[in-house]
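Student: Could you show me how to read a helix, a hairpin and a chain contact? I am new to this.

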Amino acid sequence: MRPALLTVLSLALIRSATASAQPAVTGAPATPLSARNASYTIAARLDPATRTITGSEVITWRNITTKPAADLQFHLYWNAWKNARSTFMRERALGSTGLGPAVDDRQRRADEWARIDVTAIKVAGSDFTGLKRFIAPDDDNPDDETVMAIPLAQAIAPGGAATIEVSWTAHVPRTFARTGAIGNFFFIAQWFPKIGVLQDEGWNCHQFHPGTEFFSDYGVYDVSLTVPSGWPLGATGVQRDRVENNDRTTTHRYYQEDVHDFAWTTSPDYLERDARFEHPVLPAVDMRLLLQPEHAGQAERHFNATRTTLKYYGEWYGAYPYGHITIIDPAYQSGAGGMEYPTIFTAGTRWLAPPHVTTPEGVTVHEAGHQFWYGIVGNNEFEDAWMDEGFNTFSTARAVAEVYDPNYLALRYFGGFIPWVFRDIALGRETEGNRLAGYRRDAKSDAQSTPTYRYFPATGGSITYNKTALWLNTMERSLGWPTLQRIMAAHFEKWKFRHPKPNDYFETVNAVAGRDLGWYFDQVYRSSNVFDYGVQDLKSARDGEQYHTSVIVRCYGEAIFPVDVVVTFRDGERMTEHWDGRDRWKLYTYDRSAQALTAEVDPHRVLLLDVNYTNNSKTLEPKGGGAATKWSMKWMVWLQDCLLSWAALV
Amino acid sequence: MRAWREGMRRVNRAPAVLLGVWALTLLVSLPLTAVVRGMLAQHLGSSLAADTAASGVNYDWMQEFSDQATGLGVTFKPTIIGFGAVLDNLSAFMDDIERPVVIVGAASFYILLWIFVAGGVIDRYARDRATRAHGFFATSGVFFFRFLRLAAVQWIVYAFLFGWMHPWLFDRLYPRMTHETSVERTAFVARVALYLVFGVLIAAATMIFDYAKVRAVVEDRRSMIGAITGALGFIRRNCGAAVSLFLANFALFVIVAGLYALVAPGAGRTGASMWIGFAIGQLYVIGRLWVKLVFWASETALFQNRLAHAGYVARPEPTWPDSPAADAI
């Protein structure tokens with residue numbers, strides 16, 4: 001089917017699928033989109049002076065499994081930052097996670113750590129406060145207090161419900177993992193006692209790990225937040241009410257249905273901007289931007305990047321159903337940038353942000369993209385983070401390539417403040433967008449099928465983000481974009497507002513592609529093997545009237561993928577061989593009137609996971625010497641300048 | 001200003017010195033460049049990746065090379081392109097970023113060469129007349145060991161500045177100053193302020209050691225402690241002039257770097273554009289060397305203008321006034 005026709009049909013399908021669910025911008029879709037089995041009514045007050053939150057919540061929880069619930073389990077994420085003995089902090093000490101500490105933990109003052117203390121908990125009106133205990137299902141760490149359990153006197157049967165009332169106090173930290181405060185900037189996420197996800201296998205309520213994010217059920221959030229008057233507030237959902245109190249505070253009530261988390265931010269410094277996303281087919285989305293004053297000139301860049309996401313993700317996968325979105329430009333050094341929450345996300349930019357460099361666009365497209373992969377399709381980020389981070393990295397690269405071309409490399413100097421744009425280096429989607437360099441370094445660190453929370457913390461990101469993006473793009477190049485787009489759209493449609501697992505995705509791939517791609521996922525998902533094909537030898541010498549050409553290609557890596565081998569002759573003739581890539585090496589011979597010129601394995605670079613592409617080709621007219629001379633002369637000027645810098649001291 | 005102009009004039013009148021120090025720079029950089037060239041050529045081999053690397057930038061290849069590189073190879077990064085190289089080095093200098101040991105070794109050797117030629121160079125500018133190779137190297141030899149002793153003092157001072165003062169300013173004070181800073185511009189201003197503090201300290205130390213060398217050569221001093229004391233005394237008594245001259249010379253550096261920023265070649269291609277790019281790069285290097293020499297020459301001129309008397313060892317040829325008999329003739 002022609003791509004244009006496909007697109008029109010896809011858009012028509014999207015329209016028909018979303019028209020009935022098209023919400024007014026009230027946070028309340030016309031019909032429920034999700035199971036809504038974990039709903040929260042929360043009232044909380046922020047005291048900025050003491051950086052304390054006092055809150056109470058009523059959780060309406062329903063058992064949607066086939067097994068009774070004998071206990072209840074809750075996440076208390078902020079206890080991960082209570083001291084250095086938590087699992088989060090111990091794992092973080094193993095190496096940088098890519099999230100990066102906002103400040104060196106050793107320099108933290110006592111008041112820059114966090115805690116969350118549950119002061120009371122009632123189930124169906126009965127007090128269970130004395131029965132609460134901390135458990136550590138992942139590593140038995142007795143010092144970890146990020147999961148709280150309470151035994152129930154009477155199990156909650158399948159289909160049964162419970163009303164749980166919780167009161168708590170929490171101390172806001174100097175930012176950890178995108179949550180916390182600096183100065184008068186507050187970004188508050190994972191901040192309330194949050195019930196785990198009960199599955200037929202039992203509670204899925206992991207401890208907080210530095211390399212993973214979150215997992216929770218969908219529900220309705222009705223949240224009242226009291227902050228100082230005059231402080232703009234952004235949050236998940238839509239503001240339904242605002243009350244000015246007598247104590248110079250304001251209570252903002254936000255409401256949103258069919259989401260699985262709630263985050264908010266406030267600061268007196270925010271500038272507010274509004275814009276709207278409109279599209280011939282997709283539903284309109286009101287965009288609200290809370291911006292740092294020093295980035296006032298970058299508002300439109302944030303909006304355009306968000307529009308890019310809503311347009312392309314909407315056209316490719318499915319419509320954004322909420323009708324509103326809030327973009328947060330976090331404060332400098334807040335450590336809150338680049339994070340997704342339902343209907344709200346943090347972007348991240350710099351004071352000096354030159355054009356044709358995708359800051360803030362790259363992170364904005366990515367985090368807005370998480371509204372689709374994480375927000376709408378709610379996979380388990382503790383165990384299968386690649387299903388949102390990887391899908392989204394791939395999609396980000398694809399969307400950025402559609403709009404932001406050229407996108408140049410910029411490096412920063414002098415403490416990272418001064419950018420310099422290298423207009424010779426336009427960043428490509430396939431390798432830069434999908435982050436091949438990071439994957440190359442960490443390719444063997446973990447098999448992707450390992451639960452994400454068990455990845456080595458320092459390298460897990462390369463497996464979660466980079467490897468997935470690369471194997472998806474490889475699929476795109478192998479199957480074609482129309483097929484992959486149908487796969488992703490089918491997966492999105494089937495699993496929106498639900499919790500897919502890896503096999504659910506693989507089944508969709510096989511069904512839509514019409515073939516079993518299990519062998520591929522054995523390579524890229526269930527193994528840590530790397531791909532490395534290459535041309536070992538190319539010879540072409542006269543033998544009588546003809547040239548005898550021999551090409552030896554090799555599989556240097558352990559992973560297997562069928563690749564093309566192309567031999568080009570001086571008369572322009574090209575011979576293409578299809579190699580299944582299974583043997584360690586293969587010999588191709590030709591007797592032709594013309595001498596061979598080049599031999600290439602995977603000349604169209606279908607296999608983007610190949611960690612060493614330079615060895616994929618050989619030519620009998622090499623230019624390596626000339627290129628090496630050119631680049632070494634550039635390096636020489638750099639070296640001379642380096643020498644002169646230090647010679648200034650003589 | 002007179003000393004500044006005089007310094008430039010003296011440097012321009014001695015192109016052999018400029019060419020000589022450029023040759024020294026080439027001498028140190030060429031062998032390492034050959035090593036890097038070998039690494040690049042080996043990695044590219046007969047791959048078609050070389051075609052794009054030759055005709056422009058093959059960033060994928062650069063990254064692949066960088067990921068697999070060791071030793072000198074780790075310094076082969078996009079920052080070597082054009083003016084990025086200057087920013088990279090200045091930034092590394094001001095942020096005290098560690099360089100690979102091979103680069104540190106090369107820089108040490110280069111500095112040693114400068115210590116060797118410093119006596120001859122300053123002597124040439126002090127005399128303001130050709131000293132010929134023999135005279136140049138004889139003077140260089142005479143002052144080499146004296147300047148090595150001076151270098152020991154310099155090493156202690158710079159080790160203090162880079163080893164203690166810099167970490168204190170940028171790793172302890174700066175984080176404290178900006179701990180609660182949530183506005184990037186504010187943090188930038190704080191960092192610039194600390195750059196100024198550190199830069200002034202470096203400039204002060206450099207100026208003192210420059211004048212110590214000048215006094216050592218012009219007055220044929222053997223004691224380097226005495227030369228430093230003399231330099232301090234001279235700077236104290238001529239503070240305005242010495243500082244103004246230093247700033248004027250620093251402005252020359254800014255102008256040279258600024259001009260290079262305007263004309264610095266990008267990746268380019270192989271062939272003629274490669275050589276043109278290289279030539280522009282070398283012109284910049286010569287410009288930097290010229291500025292460095294102007295520092296020494298102008299400081300020598302200032303010292304001679306302010307404190308010279310006929311008994312000094314290294315001095316320009318006296319220009320005697322015409323004899324009264326000339327009128328009669």
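Tutor: Start with a definition. The expected span of a helix is 1.5 Å times one less than its number of residues. Helices (H or I, at least four residues) and strands (E, at least two) are DSSP runs, numbered from the N terminus. This model is predicted: local features need pLDDT of at least 70, side-chain atom pairs count only at pLDDT 80 or more, and totals for chains, interfaces and linings use all residues. Residues are numbered from 1 along each chain as its sequence is written, and chains are lettered from A and ligands numbered from 1 in the order in which they are written.

Student: How many residues does helix α8 of chain A have, and what does it reach from its first C-alpha to its last?

Tutor: α8(A), residues 460-479, has 20 residues. Its reach is 28 Å, close to the 28 Å expected.

Student: Where does α8(A) bend?

Tutor: A bend is the angle between axes fitted to the seven residues ending at a residue and the seven starting there. α8(A) bends by about 30° at Asn466(A). Just after the helix, Gly480(A) has a positive phi of about 95°.

Student: Which strands form a hairpin?

Tutor: Two strands pair if DSSP finds at least two bridges between them. β24(A) and β25(A) pair in the antiparallel sense over six bridges. Four residues lie between them in the hairpin.

Student: How many residues does each chain give to the contact?

Tutor: Residues are in contact if their C-beta atoms, placed from the backbone, lie within 7 Å. Chain A gives 63 residues and chain B gives 73. On the side of chain A that touches chain B, α12(A) gives the most, with 24 residues.

Notes
Contact = placed C-beta atoms within 7 Å.
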